[in-house]
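Visitor: I have a model to look at and some words to sort out. Could you walk me through them?

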Amino acid sequence: MNKREWKNFKENNLKLVWRNATASWCNTLPLKSKWISFLKKNVCPEKFHYKVQKLRFWLTGKPVMPCVEYVVTTKCTMNCKHCNTFIPYFSEKSHFKPTTFEIFKKDLDILLNAVDYIDYFGFVGGEPMICKDLYKMIEYACSKKKLHHVFLATNCTILPDDKLLKAMKNKKFAVQLSDYRDVQFKNNLTVKYDEYKRLLEENNIQFSHPEEDGDRMTFISMPELYPDKQDEIKLTNLFKDCYGQYCQMLCDGILTQCTLSVYIARCMELSEGIKNELVNIRECRSAGELTKKIIKFYAKPYSEFCHYCHWENVQHGLPCGEQI
Ligand SMILES: C[S@@+](CC[C@H](N)C(=O)[O-])C[C@H]1O[C@@H](n2cnc3c(N)ncnc32)[C@H](O)[C@@H]1O
Ligand code: SF4
Ligand code: SF4
């Protein structure tokens with residue numbers, strides 16, 4: 001790494017581990033580690049945490065990934081107009097059909113060999129509950145020491161069966177329940193939020209229900225996406241404050257920056273910059289090669305995907321899960 005890359009890596013990786021673990025959406029997961037809670041009670045916890053991360057990096061030579069969201073499918077039971085993964089706008093050809101346990105296992109093994117650890121590992125979609133192998137994937141993920149927290153985000157339109165409930169009963173696992181109870185559907189789909197929650201409570205499975213007790217969950221509209229070459233300083237500043245910095249996506253073996261990038265990578269014409277940024281974890285010849293690519297991935301000032309992303313007319317406080 002040159003000096004500039006090291007500076008970016010410190011900001012966008014070493015320090016991101018703390019920022020991610022203490023971000024509000026992670027706070028809603030009740031499985032926050034005791035270590036973070038302990039540090040929070042101390043003076044300058046962020047600085048101390050950073051020094052520990054830096055030392056780990058020098059000792060292992062491997063990066064920590066603050067949050068990886070594994071897309072098990074881009075198919076969904078719902079059609080949210082402002083979906084942050086643009087799910088209703090995928091064509092049949094660009095959709096990623098539900099994956100299998102065998103493929104998931106290979107992907108996870110490849111990734112874990114190349115990193116120190118992954119702090120938050122999530123099953124997302126589309127709607128991950130569509131995937132029939134989900135229980136096996138959760139069991140396997142929870143058995144891995146290098147995964148510190150495992151979660152599932154669901155729209156609660158499909159209830160978990162006994163096999164899935166059994167897999168979820170693990171102290172490092174939690175479900176993030178999206179609250180779509182107020183959504184008006186144009187078909188006969190129903191949101192079973194209360195039943196889902198009751199099943200989790202009865203089985204002592206940890207879950208979060210963002211903002212249920214205060215204001216109800218709202219959506220923001222998504223940025224306009226089109227190929228563009230934007231000013232680098234503007235993009236560096238945008239990236240610094242963007243939620244997309246927090247969760248890297250792994251879809252069909254390709255590691256990308258944020259929820260929007262899955263749609264861009266699968267459905268739009270790609271610039272050379274984006275093509276160079278994509279990390280295909282299945283094509284690396286060795287764990288060492290993937291380690292180097294992941295370090296480079298975090299050593300950039302912003303993502304090449306940001307060039308396509310136009311946030312100017314974004315609206316906040318929209319009804320959650322409005323259907324198209
Ligand atoms: C993309 S979803 C995938 C899992 C599942 N289908 C669901 O909706 O819960 C992951 C999270 O992003 C949130 N989300 C999606 N679009 C959003 C938007 N436009 N504004 C705010 N949150 C959004 C969802 O509510 C959910 O908590
Ligand atoms: S927000 Fe979730 S439920 Fe809505 S379309 Fe996107 S993936 Fe499906
Ligand atoms: S492409 Fe860049 S600006 Fe757009 S959401 Fe992702 S990280 Fe943020």
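Visitor: Which residues in α6 meet which residues in α13?

Guide: This is a predicted model. In it, Ile110, Asn113 and Ala114 of α6 meet Ala287, Leu290, Thr291 and Ile294 of α13. By class, this contact has five nonpolar, two polar and no charged residues.

Visitor: Why are α6 and α13 called roughly perpendicular?

Guide: Look at the angle. Helix α6 (residues 101-114) and helix α13 (residues 287-298) pack at about 75°, with their axes 8 Å apart. Angles of 65 to 115 degrees count as roughly perpendicular. The pair is therefore roughly perpendicular.

Visitor: Why are α6 and α7 called roughly parallel?

Guide: Here the angle is about 20°, and the axes of α6 and helix α7 (residues 134-142) lie 9 Å apart. Angles under 35 degrees count as roughly parallel. So α6 and α7 are roughly parallel to each other.

Visitor: Is the crossing of α6 and α7 left-handed or right-handed?

Guide: α6 passes α7 in a right-handed crossing. Phe101, Phe104, Lys105 and Leu108 of α6 make the contact with Lys136, Met137, Tyr140 and Ala141 of α7. By class, that contact has six nonpolar, no polar and two charged residues.

Visitor: What makes α11 largely enclosed by the rest of the structure?

Guide: Count its buried residues. A residue is buried if 20 or more other C-beta atoms lie within 10 Å of its own. Eight of the nine residues of α11 are buried, so the helix is largely enclosed. They are Thr259, Leu260, Ser261, Val262, Tyr263, Ile264, Ala265 and Arg266.

Visitor: Which strands do the buried residues of α11 pack against?

Guide: They pack against β1 (65-71), β7 (224-225), β8 (248-251), β9 (254-256) and β11 (309-310).

Visitor: What residues lie around ligand 2?

Guide: Among them are Cys76, Cys80, Cys83, Glu127 and Asn155. By class, the shell has five nonpolar, six polar and one charged.

Visitor: Which residues are closest to ligand 1?

Guide: His82, Asn84, Ala153, Ser178 and Phe219 are the closest of 17 surrounding residues. The shell divides into seven nonpolar, nine polar and one charged.

Technical notes: Residues numbered from 1 in each chain as written. Chains lettered and ligands numbered in written order. Predicted model: local features only at pLDDT ≥ 70, side-chain atom pairs only at ≥ 80, totals over all residues. Near = placed C-beta within 6 Å. Nonpolar A, V, L, I, M, F, W, Y, C, P; charged D, E, K, R; others polar. Axes fitted to C-alpha atoms, helices over the stretch in contact; angles between N-to-C directions. Helix = DSSP H or I, 4+ residues; strand = E, 2+ residues; numbered from the N terminus. Parallel < 35°, antiparallel > 145°, perpendicular 65-115°, else oblique. Contact = placed C-beta atoms within 7 Å. Buried ≥ 20, exposed ≤ 12 C-beta atoms within 10 Å, placed from the backbone. Left-handed = near helix turned anticlockwise from the far one by under 90°.
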